[in-house]
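Colleague: I am new to this structure. Could you walk me through the sheet, a helix pair and the pockets?

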Amino acid sequence: MDTPKHIAIIMDGNGRWAKKRGMPRTYGHTMGAKTVEKICRAAGEQGVKYLTLYAFSTENWSRPDMEVKALMKLLGSYLDNCLETARENQMRVRVIGDITRLEPKFQEQIKAVEEASKDYDRLHLTIAINYGSRDEMVRGMRKLACDVRDGKLAPEEISEDRFAGYLDTAGIPDPDLLIRTSGEQRLSNYLLWQLAYSEFYFTEKPWPDFDEEELAKAIDAYSNRERRYGGV
C-alpha cells in the first residue's frame with residue numbers, strides 16, 4: 001500500500017455532532033479531542049510520518065465567547081496531556097500559527113511540549129492554533145521583506161523553496177493527503193501554499209466519529225489513486 005508520508009486534517013463537525021445529540025457544542029469539542037488521541041496512535045501504526053491538525057483558526061475568534069473560552073481550555077488540557085502522549089508514542093509535537101495572541105500561560109505550555117518532545121521521531125504531530133494560511137503568508141512575506149531590506153537576501157534569490165522557508169511549516173514536507181470530515185469540501189484558509197499538489201479526501205463522518213477504520217479508508221483511497229505529475 002502507498003501510505004502517505006504526511007496527512008493534514010481539517011477536523012470538522014464537532015458542534016453539529018453534539019447538537020444532533022442534544023448536547024452543547026463544547027461537548028462535541030471534548031469528544032473531538034479524544035479522537036485526536038486515537039488518530040495519532042493509528043497514524044503512527046499505519047506508517048504515517050507527519051500529521052498536521054487544524055485545531056483553531058484565526059477566524060474562530062468570531063465564535064461565541066463561551067465557546068472560544070471552552071476551546072482554549074480544552075486545547076490547554078490537551079497540551080498538558082500531550083507530554084505523556086508524546087512520550088508513549090515517541091511523537092514530536094510542534095505548533096504553527098500566530099501564538100502571540102494566546103495567553104502567556106498557553107504560550108509557555110506550547111514551548112514546554114515542543115521542547116520536551118523535540119527528539120522524538122516516530123510521528124511528527126503539528127497542531128495549527130490561531131492559524132490562517134493567508135496570515136501565515138503575510139507574516140512570512142514581512143520577514144522576507146525585512147531580510148531583503150537588511151541585505152540578507154537579494155530579490156533574485158527569492159524562489160519557491162526560499163519562500164517556503166519563511167512559512168510556519170518550514171522544515172516540514174508538504175502534505176500528501178488532506179482529509180476533511182463532516183461533508184464540507186473547502187480548504188477554509190488552511191495550508192493554501194502547502195496543499196498545492198496534495199490529494200483530497202472528503203468524508204461525511206463528523207470528526208468525533210472519525211476512527212481508525214475511517215483513517216484506513218482514506219489511506220486506501222489515496223493509495224488507489226493514479227497521480228499524474230507535470231501535467232501528463
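Predicted model: local features only at pLDDT ≥ 70, side-chain atom pairs only at ≥ 80, totals over all residues.

Colleague: Which residue in β5 is the bridge partner of A8?

Modeller: Strand β1 covers residues 6-10, and strand β5 covers residues 177-180. The two run parallel, joined by four bridges. For A8, the bridge partner in β5 is L178.

Colleague: Are α2 and α3 roughly parallel or roughly antiparallel?

Modeller: Their axes lie 10 Å apart, and the packing angle is about 20°. Angles under 35 degrees count as roughly parallel. So α2 and α3 are roughly parallel.

Colleague: Is the crossing of α2 and α3 left-handed or right-handed?

Modeller: This is the pair that packs at about 20°. The crossing of α2 and α3 is right-handed.

Colleague: Which residues are closest to the centre of the largest pocket?

Modeller: The largest pocket has a volume of about 650 Å³. Its lining holds 30 residues. Closest to the centre are M11, Y54, A55, N60 and R63.

Colleague: Which elements give two or more residues to the lining of the largest pocket?

Modeller: Both helices and strands contribute. The strands are β2 (50-57) and β4 (123-131). The helices are α1 (14-20), α2 (25-46) and α3 (65-89).

Colleague: How many residues in the lining of the largest pocket are nonpolar?

Modeller: The lining of the largest pocket includes eight polar and seven charged residues. The nonpolar ones number 15.

Colleague: Which helix gives the most to the lining of the second largest pocket?

Modeller: The second largest pocket has a volume of about 410 Å³. Its lining has 21 residues, with D174, W193, Q194, A196 and Y197 nearest the centre. The top contributor gives three residues and spans residues 160-164. That is helix α6.

Colleague: How many residues in the lining of the second largest pocket are charged?

Modeller: Ten lining residues of the second largest pocket are nonpolar, and five are polar. The charged ones number six.

Notes
Residues numbered from 1 in each chain as written. Heavy atoms only, no water. 1 Å grid on protein atoms, 1.4 Å probe; cavity = no way out; pocket = protein on both sides within 12 Å on 5 of 7 lines; lining within 4 Å. Points joined across faces, edges and corners; volume = space filled by probe spheres on them. Nonpolar A, V, L, I, M, F, W, Y, C, P; charged D, E, K, R; others polar. Pairing = 2+ DSSP bridges. Axes fitted to C-alpha atoms, helices over the stretch in contact; angles between N-to-C directions. Parallel < 35°, antiparallel > 145°, perpendicular 65-115°, else oblique. Left-handed = near helix turned anticlockwise from the far one by under 90°.
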